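Dear colleague,

Please find the structure below, handed over for your own work. My notes on what was found in it follow directly after.

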Amino acid sequence: MSVLITFDLDNTLWDVAPVITRAEYAMESWFEERFPGYSQQFSFSVQESIKQRIIDENPEIAFNLTELRLRVYKTSLRKFGLPTEEADLMAKAALAHFCEWRQRVTFFLMFWMFWKS
């Protein structure tokens with residue numbers, strides 16, 4: 001007989017809020033390095049309003065945060081002035097960068113002690 005133990009890792013093995021905050025700051029730098037002025041034009045609050053409009057128009061993706069983030073990046077890059085094809089490519093690169101930062105977690109101490117024993 002096999003036993004399978006699963007976890008929703010966020011807020012179980014690590015605190016997700018600081019991870020997302022660091023990833024958001026990393027994205028701000030990533031966009032600004034490639035597209036000067038982007039971060040001022042598309043602040044976090046502006047991106048949130050774009051995200052809400054996308055959810056309103058596509059409620060079926062409201063819980064698919066990866067797809068939602070990709071669409072926010074595509075939309076904002078197009079509004080920034082990139083041609084559609086370039087915006088789509090850069091949005092995918094941006095999402096990959098976000099995912100790298102999203103995986104930089106700090107385990108809760110109790111889990112870390114358990115894992116090391």
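The protein chain has six helices and zero strands, where helices (H or I, at least four residues) and strands (E, at least two) are DSSP runs numbered from the N terminus. From the N terminus on, its elements run α-α-α-α-α-α.

This is a predicted model, in which local features need pLDDT of at least 70 and side-chain atom pairs count only at pLDDT 80 or more, while totals for chains, interfaces and linings use all residues. Residues are numbered from 1 along each chain as its sequence is written, and side-chain values use heavy atoms, with hydrogens and water left out.

Of the 117 residues of the protein chain, 33% count as buried; buried means under 20% relative accessible area, exposed over 50%, and partly exposed in between (1.4 Å probe, protein chains only). The accessible surface of the chain comes to about 8100 Å², and 59% of this belongs to carbon and sulfur atoms. Accessible areas come from the Shrake-Rupley method with a 1.4 Å probe; for residues, only the protein chains shown count as cover. Among contacts (heavy atoms within 4.5 Å) with a separation of 6 or more, 63% are between residues 24 or more positions apart.

Helix α4 (residues 65-80) deserves a separate paragraph. The end C-alpha atoms of α4 are 22 Å apart, which agrees with the 22 Å that its 16 residues should span at 1.5 Å a residue; the expected span is 1.5 Å times one less than the number of residues. Its buried residues are L68, R69, L70, V72, Y73, K74, T75, S76 and L77, and their cover includes α1, α2 (38-41), α3 (44-57) and α5 (84-102). After α4 comes G81, with a positive phi near 120 degrees.

The side chains of S76 and Y38 are joined by a polar contact of 2.5 Å. A polar contact is a pair of N or O atoms within 3.5 Å; within protein, one must be able to donate a hydrogen and the other to accept it, and residues adjacent in sequence count only if both atoms are side-chain atoms. Beyond its neighbours within four places in sequence, S76 is in contact with Y38, F42 and I50.

Helix α5 has 19 residues and reaches 26 Å from its first C-alpha to its last, close to the 27 Å expected at 1.5 Å a residue. Its buried residues, including A87, D88 and F98, pack against α1 and α4.

The structure holds six salt bridges, each a side-chain nitrogen of Lys or Arg within 4 Å of a carboxyl oxygen of Asp or Glu. In one of them, R69 pairs with E24, the closest N and O atoms being 3.0 Å apart. R69 lies in α4 and E24 in α1, so this pair ties together parts that are 45 residues apart in sequence. R69 counts as buried at 18% relative accessibility.

Helix α3 also contributes. A salt bridge joins the side chains of K51 and E48 (3.6 Å, N to O), which are three residues apart in α3, about one turn of the helix. K51 is partly exposed at 27% relative accessibility, and E48 is partly exposed at 32%. The side chains of E57 and R53 likewise meet in a salt bridge (3.4 Å, N to O).

Yours sincerely
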